[in-house]
Amino acid sequence: MKYNIATIPGDGIGPEVVHETIKVLEVVAGLTGHTFSYSMLLAGGAALDAAGHPLPEETLQTAMAADAVLLGAVGGPKWDHLEGDLRPERALLGLRKGLGLFANLRPALLFPALKQACPLHPDTAEKGIDIMVVRELTGGLYFGKQERLTDKEGKEFAYDTMMYHEDEIRRITRVAFDLAKGRKGKVTSVDKANILESSRLWRKVVLEEAKAYPEITLDHMYVDNASMQLVKQPQSFDVILTENMFGDILSDEAGMITGSIGMLPSASLREDKRGMYEPVHGSAPDIAGLNKANPLATILSAAMMLRISFKMEETASLIEQAVSQVLESGLRTGDIFTAGEQMTNTREMGLAVVNQLKQLEKKGA
Ligand code: NAD
């Protein structure tokens with residue numbers, strides 16, 4: 001098969017981590033016989049400099065026609081003074097909207113070799129963490145009507161609206177349940193149904209959709225309790241299904257208990273499973289161009305792309321295994337370094353994954 005990947009290196013460390021990821025994908029191509037073509041596109045600050053807009057029409061159109069989008073990161077101090085639609089980060093919103101990406105998947109996996117980086121009690125870290133947060137990405141409080149007004153006394157007030165249509169809840173629920181089938185078979189739907197009407201509808205619709213998945217265990221949890229359980233007993237979660245704002249907060253919390261931001265991949269999907277794959281981290285201007293960035297979050301995002309959009313489950317697992325073994329060998333970029341380990345850089349880390357992947361394939365053959 002031939003896959004066209006709309007590739008957006010972006011700003012700061014984006015180009016460095018995407019470069020290493022393409023090397024890994026090229027090994028995959030060699031091993032599997034598939035061909036990947038990379039349409040190199042501008043977005044964010046790089047696009048502002050070259051074309052005067054953070055998301056040029058050509059980038060959007062090419063991304064929409066591609067089999068998947070792979071993105072590094074956008075933004076940086078050079079463009080911080082810009083406002084509104086000219087901010088580099090607007091490119092992300094434009095891509096999400098243009099591509100109709102309504103499901104945000106944020107895995108929180110604690111690699112055994114990184115247990116020391118887990119900020120939770122060592123006994124909790126020892127048990128391991130493997131959670132998939134499924135966040136609704138295009139509805140709720142962030143997209144509802146909002147307004148800032150002035151009362152008769154000249155004092156300001158403002159409101160935001162959390163609104164969900166049952167169709168929006170149904171489609172994200174199906175994404176979560178389908179994912180749970182390939183995992184431990186449990187979905188925890190997180191809401192605030194004791195207070196919010198939109199959450200009561202959320203719970204009703206989730207219960208209706210769950211009937212089509214008798215093999216999946218479903219429980220419901222209020223968001224305040226979920227945030228506590230994430231640090232108390234993260235092992236109790238498999239797939240967390242939640243609305244936009246709750247997911248924004250909980251996915252960051254879940255990510256942080258697994259160690260470094262340099263390790264966290266993500267996927268944003270539409271109904272036909274095409275999607276955009278990107279590391280959770282930003283453009284890290286403090287280390288940009290210094291060959292210091294951890295490329296593993298982007299490499300793991302590419303593994304998600306292979307699994308979800310290209311249906312290459314085995315190859316995706318192989319990449320994850322290669323990453324895990326490289327970490328086991330003691331190799332660390334600065335963000336995950338602790339005393340006694342071997343400090344490395346972006347390019348060496350990428351190369352280590354490439355070599356490990358080749359080794360694994362040889363053993364399997
Ligand atoms: P950041 O994620 O870029 O950096 C936070 C800290 O984590 C920094 O100290 C950085 O050096 C470190 N870090 C991040 N990724 C790393 C990696 N792969 N390896 C090693 N260390 C890493 O967040 P920030 O500093 O708040 O934002 C910087 C810029 O990135 C801003 O312009 C922001 O708007 C943008 N941003 C973009 C995205 C995106 O493109 N999806 C996401 C978040 C922030």
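View 1. An oxygen atom of the ligand lies 2.8 Å from a polar side-chain atom of Asp-286, and a backbone N or O atom of Ala-284 lies 2.7 Å from an oxygen atom of the ligand. Of the 810 Å² of accessible area that the ligand has on its own, the protein covers 68% (Shrake-Rupley method, 1.4 Å probe).

**View 2. The shell around the ligand.** The ligand is surrounded by 20 residues, the closest being Glu-89, Gly-282, Ala-284, Asp-286 and Asn-294, where a residue counts if one of its heavy atoms lies within 4 Å. By class, this shell has nine nonpolar, seven polar and four charged residues, with Gly counted as polar.

**View 3. Helices α11 and α12.** Helix α11 (residues 313-328) packs against helix α12 (residues 346-364) at an angle of about 120°, with their axes 8 Å apart. That angle makes α11 oblique to α12, oblique being whatever is left after under 35 degrees (roughly parallel), over 145 (roughly antiparallel) and 65 to 115 (roughly perpendicular). The crossing of α11 and α12 is right-handed.

**Notes.** The model is predicted, and local features need pLDDT of at least 70, side-chain atom pairs count only at pLDDT 80 or more, and totals for chains, interfaces and linings use all residues. Residues are numbered from 1 along each chain as its sequence is written, and side-chain values use heavy atoms, with hydrogens and water left out.

Definitions and conventions. A polar contact is a pair of N or O atoms within 3.5 Å; within protein, one must be able to donate a hydrogen and the other to accept it, and residues adjacent in sequence count only if both atoms are side-chain atoms. Axes are lines fitted to C-alpha atoms, for helices over the stretch in contact, and angles run from 0 to 180 degrees between N-to-C directions. Helices (H or I, at least four residues) and strands (E, at least two) are DSSP runs, numbered from the N terminus. A crossing is left-handed if the near helix is turned anticlockwise from the far one by less than a right angle, and right-handed if clockwise.
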